[in-house]
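Please view the sequence and the structure together before reading on.

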Amino acid sequence: MSKKIVPIDYTGNDFDSIKKNLINYIKKYYPNTSKDFNEASFGSLMTDLVSYVGDNLSFYLDYNANESFLETSLEYQNVIMHANQMGYKHSTTRSSVGTIDIYMPIPANASLAAPDVNYLPKIKRGASFSTPEGNIFTLIDDVNFLSQDSEYVGDELSTDGSTVAYYIMKKKARVISGENRQVILEIGDFQRFLKVKLPASNISEIVSVVDSSGNEYYEVDYLTQNTVFRPIVNRNSETQTQGVQSIMKPFPVPRRFTVERSGPDVFLVFGYGSETEIKQEQVADPSEIVLDILGKNYISNATFDPSKLLTTEKFGVSPVNTDLTVTYRANTEDNVNAAAGSITTVIDSNIEFSNPQNLAADKMQYITRNVEVYNELPVNGDISVPTTEEIKHRAYGNFATQGRAVTLRDYISATYAMPASFGSVKRAAIYRDDNDLTRNMNMFIISEDSRGKLEISSSALKENLKTWLNSVKMVNDSVDILDATVFNFGIEFDIVGQKNVSTNQVFNAAREELYRQLTLTVPEIGEPFQVTEIFRILKDIPEVLDVVNIKILNRTGASYSAYGVDVDAHLGTEGRTLHVPQHVIWELKYESDITGTVR
Amino acid sequence: MFQPKFPLEYSNIDGPYRGIKDIKETIKQNVLFLLSTSPGEWPGNPDLGVGVRRFLFENYGSLELNSLHTRIKDQFSRYLPFLKVTSEFVEKDSEGYSLVDQNQLKIIVKYNIKPLNVEEYVEIGV
């Protein structure tokens, strides 16, 4: 006798559809057992109860299925977990970053004509400043007043008022919200993957972790990463003054940790290698980890033993029976932003003189006591906690690149992401070199000098950029880092001024407005220059009645780039656009480069 | 069988649940269910039920207590539309003593099964 196959409708997953299917089922298979399907009947109570249970089960099934994928999950913690799986690092503590001006008096030199450079100090990273409300900001990079971009902004006269005693120097510096604090953690016996909770809140960054023997532990994204980039002080005074304060060096870190966050709690997670393994090779010998070595003369199992791999220090050394001094940066306020002009108090100037033994103690004290700060612009940051949708988008973006430069755009992003202490690139462009047999890529970069003018990037910066890009570069990509070529040009206009305005006034207004608008932003490398933009700017000036003619001129010579182009040959149709080669960046260098006649 | 008889009991004929085989009896059980069920109690149907127990502490003769009749009419027209219903409070017990004095409230619900043209009633204590 064949088994009776009862068709079950699995498509019903909500209360109404399950109830409908149940009633149909009862009517079909138990027509004599239950006939009363009135909503207030006992039979209806039974079907409603079963439908209720079915609806609940369906809900939790749907919930589990939805929460299993990043795309469909809704719970905040689940979204973060999925995003973490995709390599996204989530932090609930927000920071604001901005620029402040640091002022200090520097004694006049023997001739009294300039500041004594011997007293120009360095304010070291970690110096802290605050608003009157107590919102603390910490200096991100060392600020060296010896560098070229220190400005002289005033002076202090001697007590009798006859001579200049001190020159007031100003330098811009970057600060980040929060202050550095320390906590000491007692670490006991060895533990695999030691996880230590920091007894503090509002932690935005772990600055350093040092054990009682002085060994430093380094934060890595994943415990498998065994190299970090460390800045080595740049001793080359030539490139140092060009903004490259540090040389980037890859540094193997057998002692390392990752930071895990769970809500407001922050944990340090260590690997489980031992001290002795540091003395051995840094990288595990592949011949020892690939296969089990057995007595028999054949191989039956070709799988490698993962635990063998793990017995190396690859996950880093775990601290044992020591005290860890953890320095962390914590926000002091919930709102970490500061309005313009509100950062005015120096808490700790963290000042360092080059050769203090050769300097007068009273002058050094005077400098230290009279350091002042002021932020011309507000210090803003993203203080809102990202929504689940934002986290999803960030995770997708993170997963797409996986911290690697895959597309040309990735190389540009990676270049701009290099920390400023290694030198900053103002503009970068990258192109595939079609003429090269190896199909390598040419990256063109340009930097900016202290006056905001384009200048060729220093060799130290290029060296740092090479090291930086090597960490994200695909293994078969080859990138040549080249200097972009600056094309300095001038403008000669022929305009008609308003009747009631003097020609001089019209000329000055036209020149000032042209210069202001054309130097608002630095163009991209290879970006064409829109000649029509000059017409638009001039026509918008109230003193200008009409624009008769515009001429673009080459500017080459002592203070300009040696590069020149045949302007007429590079002008597009109808002379609207000046096309420059892809390695060239145009720059209107000085206001005096704009000349013209006013009718 | 129309539906299991409540409370559930074993039957030698029907098996685990004694069944109701008379249409008037099944309607009566439905009427009792509808009167006794408090709103929100029924799974998946929070509107169902007169919920006579909710009126237990209302003052005798108050507007709130009298709204019970309206509630019964509304519920019957919605869930048992084939019945024509009237309801009234029972004032005295079988021995003629006032139920109010005994702190009791009883209601008698009379209904006419329109397709059968049969008059039935149920008496329910609140």
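Over all chains the count comes to 24 aromatic pairs, where rings of Phe, Tyr and Trp (its six-membered ring) pair if their centres lie within 6.5 Å, and planes under 30 degrees apart count as stacked, over 60 as edge-to-face and the rest as tilted. This is a predicted model, in which local features need pLDDT of at least 70 and side-chain atom pairs count only at pLDDT 80 or more, while totals for chains, interfaces and linings use all residues; pLDDT is the predictor's confidence in each residue, from 0 to 100. Residues are numbered from 1 along each chain as its sequence is written, chains are lettered from A in the order in which they are written, and side-chain values use heavy atoms, without hydrogens and water.

Two of the pairs are set out here.

| Pair | Class | Centre to centre | Angle between planes |
|---|---|---|---|
| A:Phe59 and A:Tyr60 | edge-to-face | 5.0 Å | 80° |
| A:Phe489 and A:Phe529 | tilted | 4.8 Å | 50° |

The pair of A:Phe489, in strand S25 (residues 485-497), and A:Phe529, in strand S26 (residues 529-530), links distant parts of chain A, 40 residues apart; strands are DSSP runs (E, at least two residues), numbered from the N terminus. A:Phe489 is buried at 1% relative accessible area, and A:Phe529 is buried at 2%, where buried means under 20%, exposed over 50% and partly exposed in between (1.4 Å probe, protein chains only). A:Phe59 is partly exposed at 47%, and A:Tyr60 is partly exposed at 47%. One aromatic cluster is formed by A:Phe487, A:Phe489, A:Phe529, A:Tyr563 and A:Trp586.

Conventions: Helix = DSSP H or I, 4+ residues; strand = E, 2+ residues; numbered from the N terminus.
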